[in-house]
Amino acid sequence: MFRNHLSDIAAYFSAYAVRFSEDESILEIINPFDNENIKIEYVPEDEWTPYILYFSFQHWHLNDEENIIEIIRDIIDGKLLSIEFFKGDQRCFGGDVEAQDLQELSYEALENCFGDFPISIINMADSFKVRGWKADTNFDAVFDVGSHGEIVIKIL
């Protein structure tokens with residue numbers, strides 16, 4: 001039924017195994033690395049952003065296939081990662097982050113990427129998780145206090 005809206009995306013990623021939901025409203029691109037899959041849902045009732053792209057903790061509301069393909073390509077190429085912040089076991093907030101922004105991982109770098117909040121990350125979260133298409137980009141981390149009182153990141 002909705003397959004027409006997702007078939008061009010499926011064709012673009014034909015190098016990967018794909019599957020459609022029974023009602024054909026969801027396309028899933030299967031991750032060959034046994035990591036998390038990418039899903040695209042078509043929601044015709046949403047006239048402004050009828051596509052929802054899911055990867056790991058994140059989702060994007062989108063309105064055109066070109067943008068969807070660009071984001072998926074960035075995920076598969078390892079340029080775009082999912083990041084989620086936690087307070088204990090509770091999810092607080094998250095988003096996507098460019099892999100290059102995590103090369104020099106520091107609390108200050110995270111504040112630069114996610115500093116749009118009126119309070120600091122450390123006041124909202126005590127840990128975070130990063131997920132990518134390939135498992136070697138995945139890691140969990142906690143915030144700690146360094147020997148000079150600065151906030152440091154410890155990879156678990």
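This is a predicted model: local features need pLDDT of at least 70, side-chain atom pairs count only at pLDDT 80 or more; totals for chains, interfaces and linings use all residues.
User: What makes the pairing of the side chains of Ser25 and Asp23 a polar contact?

Analyst: The two side chains come to 2.7 Å in this pair, and the limit for N or O atoms is within 3.5 Å, so the pair is listed as a polar contact.

User: How do you know whether Asp34 is buried or exposed?

Analyst: Asp34 lies in the loop between β2 and β3 (38-42), and its relative accessible area is 76%. Because exposed means over 50%, Asp34 is exposed. Asp34 also has a positive phi of about 55°, although it is not a glycine.

User: Why is Ser56 called partly exposed?

Analyst: Ser56, whose place is in the loop between β4 (51-55) and β5, has a relative accessibility of 23%. Buried would require under 20% and exposed over 50%, so Ser56 counts as partly exposed. Ser56, too, is not a glycine and has a positive phi of about 55°.

User: Why does Gln58 count as buried, and which residues does Gln58 touch?

Analyst: Gln58, in strand β5 (residues 58-62), has 10% relative accessibility and therefore counts as buried, the cut-off being under 20%. Leaving aside residues up to four places away in sequence, Gln58 touches Leu53, Ser82, Ile83, Glu84, Gly94, Gly95 and Asp96. A polar atom of the Gln58 side chain lies 3.2 Å from the backbone nitrogen of Gly95.

User: Which residues of α2 are buried, and what puts them on the same side?

Analyst: The buried residues of α2 are Ile68, Ile69, Ile71, Ile72, Ile75 and Ile76. They cover an arc of only 165° around the axis, and therefore they lie on the same side of α2. In general, an α-helix has 3.6 residues a turn, so residues three or four places apart point the same way.

User: What makes Asp64 a cap of α2?

Analyst: Asp64 caps the N-terminal end of α2, with a side-chain oxygen 3.2 Å from the backbone nitrogen of Glu66.

Methods
Residues are numbered from 1 along each chain as its sequence is written. Side-chain values use heavy atoms; hydrogens and water are left out. A polar contact is a pair of N or O atoms within 3.5 Å; within protein, one must be able to donate a hydrogen and the other to accept it, and residues adjacent in sequence count only if both atoms are side-chain atoms. Helices (H or I, at least four residues) and strands (E, at least two) are DSSP runs, numbered from the N terminus. Buried means under 20% relative accessible area, exposed over 50%, partly exposed in between (1.4 Å probe, protein chains only). Contact means heavy atoms within 4.5 Å. The arc is that of the directions from the helix axis to the C-beta atoms.
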